[in-house]
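Hi everyone, thanks for making time. Let me put the structure up, and then I'll walk you through it.

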Amino acid sequence: MEALKNLLTEFDPAAFVPDLGSVIGWIELIVRLCVLAGPIALLVMGLWYLISPPKEANHIAGYRFFWGMGSVQSWRVMQFLAGVAWTAVGAVLTLTMVLITGGYKDMDMLSMAYSAVKCLIWQIGAGMLSCVLVNISMLILFDFKGNLRPAFHGKLKLTKKKPQPKKKTQKSDKVNK
């Protein structure tokens, strides 16, 4: 009985509780990562659509909007527009969120949580706005079947022209005469 009494008197439950400063540091890190995850993902997706977009219209990969799935030409333009929009929005949001989350060390927990929620709402709004702008651009450029509207023929260069081989002059005919 004496050994149990000594064990209970030496037992310190505070030894099992982590330091409050390290817990707050971990919470701050997790909130920062949550706020920065969306813009970085948007930036990566935008760069992927610019560097290596899906080549043909499909229902699995790529930015899909029914107006851009009518032809290969409209599909490629839509992937390019989505890549440009998402890269721009992702880059701006990433820089903005890095600046905002840099001030989280000086904030109390409640202010940091409110700031994180505001940042997430702004990210959702900016992402939705970029998608709407891509869709409106597709509505303006192409008709429902994926054909370029007549107003943009010759003004929009969608494909790279292949260089034409030079015609050979026939010197042998001149020599024979």
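How far apart in helix α2 are Arg32 and Glu28? They sit four residues apart, so about one helical turn separates them. Before going on, a word on the source: this is a predicted model, where local features need pLDDT of at least 70, side-chain atom pairs count only at pLDDT 80 or more, and totals for chains, interfaces and linings use all residues. Residues are numbered from 1 along each chain as its sequence is written, and side-chain values use heavy atoms, with hydrogens and water left out.

Back to our pair. Arg32 and Glu28 form a salt bridge, with their closest N and O atoms 3.7 Å apart; the term means a side-chain nitrogen of Lys or Arg within 4 Å of a carboxyl oxygen of Asp or Glu. The structure holds one salt bridge. Glu28 is buried at 13% relative accessibility, while Arg32 is partly exposed at 22% (buried is under 20% relative accessible area, exposed over 50%, partly exposed in between, with a 1.4 Å probe and protein chains only).

Both residues also touch Tyr104, whose contacts beyond four places in sequence include Glu28, Arg32 and Val35 (contact means heavy atoms within 4.5 Å).

Tyr104 and Val35 are among the residues with the most contacts inside the largest nonpolar core, which has 26 residues (a set of buried Ala, Val, Leu, Ile, Met, Phe, Trp, Tyr and Cys residues joined through side-chain atoms within 4.5 Å). Helix α3 gives the most to this core, with nine residues.

Technical notes. Helices (H or I, at least four residues) and strands (E, at least two) are DSSP runs, numbered from the N terminus.
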